[in-house]
Amino acid sequence: MGEAMTGRDAAVLYAKVGSPLGELLLVGEERADAPGGTALASLSTPGQKGGATVREGWRNAPGAFAEIAGQLAAYFAGQRTTFDIAYAEPPRGTAFQRRVWAALEDIPYGTTTSYGRLAERAGIARGAVRALGAAIGANPLLIVRPCHRVIGADGTLTGYAGGLERKRRLLELEGV
C-alpha cells in the first residue's frame, strides 16, 4: 500500500482475522465516529496482488477491529448481506478509481455484473474497460467493496486481486 496509509497522522492499526479465504489483514485507524471505533483503510487476503503488508510502526490491535471482524464472520456464515463499516479518510485512489469503487458498492449481494455494465453504471466509456479493470484491481477493500461480483460478459470469472478461487468461493457463498 502507499506510504501514507490514511493521509493523517493517526496511528495505523492492524489485525489479522481468520476466514474461509485464509487469514485476512485489516488495516485502519481509530476514529470515534466509526462503528466500533475503527475506520477501515484496507482489507487484504493472503498473497493478494497489491495487498497490504504489516509495516514497522503499525500497532497490532485486534480489539479495535472487533466490530468489523464480527460483520465479516456474519457475512461468511451467510447471516449478513451488507456491511456497516466506516472507511478511513481521505479515501485512497484517484477520482477515477473512487468513481469505479462507488459503482462496485451498488452491486447487490447475490448478483453479478459485467465490466461493460459496470462501466455504464459508472458513466465510463466502454473503450476504457482496461482502465476500469485496473481500478477494480486497485480496490483496497476486498469483500466489503464487492469487486468479486464483476465477471466477464460471457459469464466467466476474470481478474480478482485475491485470486480466482477466492472469487469463486465468494460468489458461491452469495448463492451466485
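Trainee: What share of the 176 residues in the protein is buried?

Mentor: Buried means under 20% relative accessible area, exposed means over 50%, and partly exposed lies in between, with a 1.4 Å probe and protein chains only. Buried residues make up 46% of the 176 here. This is a predicted model, where local features need pLDDT of at least 70, side-chain atom pairs count only at pLDDT 80 or more, and totals for chains, interfaces and linings use all residues. Residues are numbered from 1 along each chain as its sequence is written, and side-chain values use heavy atoms, with hydrogens and water left out.

Trainee: How many helices and strands does the protein have?

Mentor: Helices (H or I, at least four residues) and strands (E, at least two) are DSSP runs, numbered from the N terminus. The protein has 5 helices and 6 strands. Their order from the N terminus is β-β-β-β-α-α-β-α-α-β-α.

Trainee: What radius of gyration does the protein have, and what would a compact globule have?

Mentor: The radius is taken over C-alpha atoms, and the globule rule is 2.2 Å times the number of residues to the power 0.38. For 176 residues a compact globule would be near 16 Å, and the protein agrees, with 16 Å. Along the principal axes, the C-alpha atoms fill a box of roughly 45 × 35 × 30 Å.

Trainee: Where does His148 lie, and is His148 buried or exposed?

Mentor: His148 is in the loop between α4 (129-137) and β6 (150-151). With a relative accessible area of 0%, His148 is buried.

Trainee: Which residues does His148 touch?

Mentor: Contact means heavy atoms within 4.5 Å. Leaving out residues up to four places away in sequence, His148 touches Tyr75, Ile143, Tyr160, Lys167, Leu170, Leu171 and Glu174. A polar contact is a pair of N or O atoms within 3.5 Å; within protein, one must be able to donate a hydrogen and the other to accept it, and residues adjacent in sequence count only if both atoms are side-chain atoms. The side chains of His148 and Glu174 make such a contact, at 2.8 Å.

Trainee: Where does Gly155 lie, and what is the relative accessible area of Gly155?

Mentor: Gly155 sits in the loop between β6 and α5 (164-173). Its relative accessible area is 45%, so Gly155 is partly exposed. From C-alpha to C-alpha, Gly155 and Leu40 are 31 Å apart in space, and in sequence they are 115 residues apart.
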